[in-house]
Amino acid sequence: MIIDKDTAQQTAGLLLQINAIKLQPKDPFTWASGWKSPIYCDNRIVLSFPPIRNFVRSSMSKAIEEKFGKPDVIAGVATGAIGIGALVAEYLGLPFIYVRPEPKSHGRQNQIEGFLEPGQNVVVVEDLISTGKSSLNAVKALKDAGANVKGMIAIFSYGFDVAKTNFESEHIDLITLSNYENLLEKALETQYINTEEHTVLKSWNANPAKWQMA
């Protein structure tokens, strides 16, 4: 669920402005899942542009307080959301922790880095939601450590049905600054893509697991 239409459109425009969105309909990317994709979203580049970084930080922070109330701790999902998560925590004056995909194989073997007490309310920050699997893996680690996970906020979601199903099955509320639908609207409006590319991108999003390059 997006925060609101204006924020979604503005966020999409900013991501396009800094080329955080890469489009290669004729030479698709291969995701870790094995899916072929004509689009790649790299939100980590946001950190390199202070005005856009500040917009994302303040938008996320205000949305967290409005949707979830002020939590005890902000948690970032490693590695993509460590930077923006720390900025959100700083803006809200809250402690910050981050969650690895799996425990370290050496040292203290931590999966959660930082100080977390059982029973604390946590909001999780993500940069990008695809299927939601890695995001919900972080939620599980936090719950296993005794945290009360209030919900998750992300910069962008591809809007896949599988992600919606995954979040609903885990009873985790997800809000995002923008999503795929608003991205395509803004990309077409600003001539970042043409109508042919728009058609390709829509068809991919409808069934990414079985999409084939034309």
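**Exercise 1.** Determine which residues threonine 7 contacts, leaving aside its neighbours within four places in sequence.

*Solution.* Next, apply the criterion for contact, namely heavy atoms within 4.5 Å. Threonine 7 is then in contact with Phe55 and Leu177, once neighbours within four places in sequence are left aside. Finally, consider accessibility: buried means under 20% relative accessible area, exposed over 50%, and partly exposed in between (1.4 Å probe, protein chains only). Threonine 7 has a relative accessible area of 14% and is therefore buried.

The structure is a predicted model, in which local features need pLDDT of at least 70 and side-chain atom pairs count only at pLDDT 80 or more, while totals for chains, interfaces and linings use all residues. Residues are numbered from 1 along each chain as its sequence is written, and side-chain values use heavy atoms, with hydrogens and water left out.

**Exercise 2.** Describe how helices H1 and H6 are oriented to each other.

*Solution.* Begin with the axes, which are lines fitted to C-alpha atoms, for helices over the stretch in contact, with angles from 0 to 180 degrees between N-to-C directions. Those of H1 (residues 5–17) and H6 (residues 180–189) come within 9 Å and cross at roughly 60 degrees. Angles under 35 degrees count as roughly parallel, over 145 as roughly antiparallel, 65 to 115 as roughly perpendicular and the rest as oblique. H1 and H6 are therefore oblique to each other. The residues in contact include Ala8, Ala12 and Leu16 of H1 and Leu183 and Ala187 of H6.

**Exercise 3.** Identify the residues with the most contacts inside the largest nonpolar core.

*Solution.* A nonpolar core is a set of buried Ala, Val, Leu, Ile, Met, Phe, Trp, Tyr and Cys residues joined through side-chain atoms within 4.5 Å. The largest has 43 residues, and Met60, Ile74 and Tyr158 have the most contacts inside it. Helix H2 (residues 50–68) gives the most to this core, with seven residues. Beyond four places in sequence, the contacts of methionine 60 include Ile84, Val88, Ile153 and Leu177. A second, separate core has 23 residues, among them Val73 and Leu136.

Notes. Helix = DSSP H or I, 4+ residues; strand = E, 2+ residues; numbered from the N terminus.
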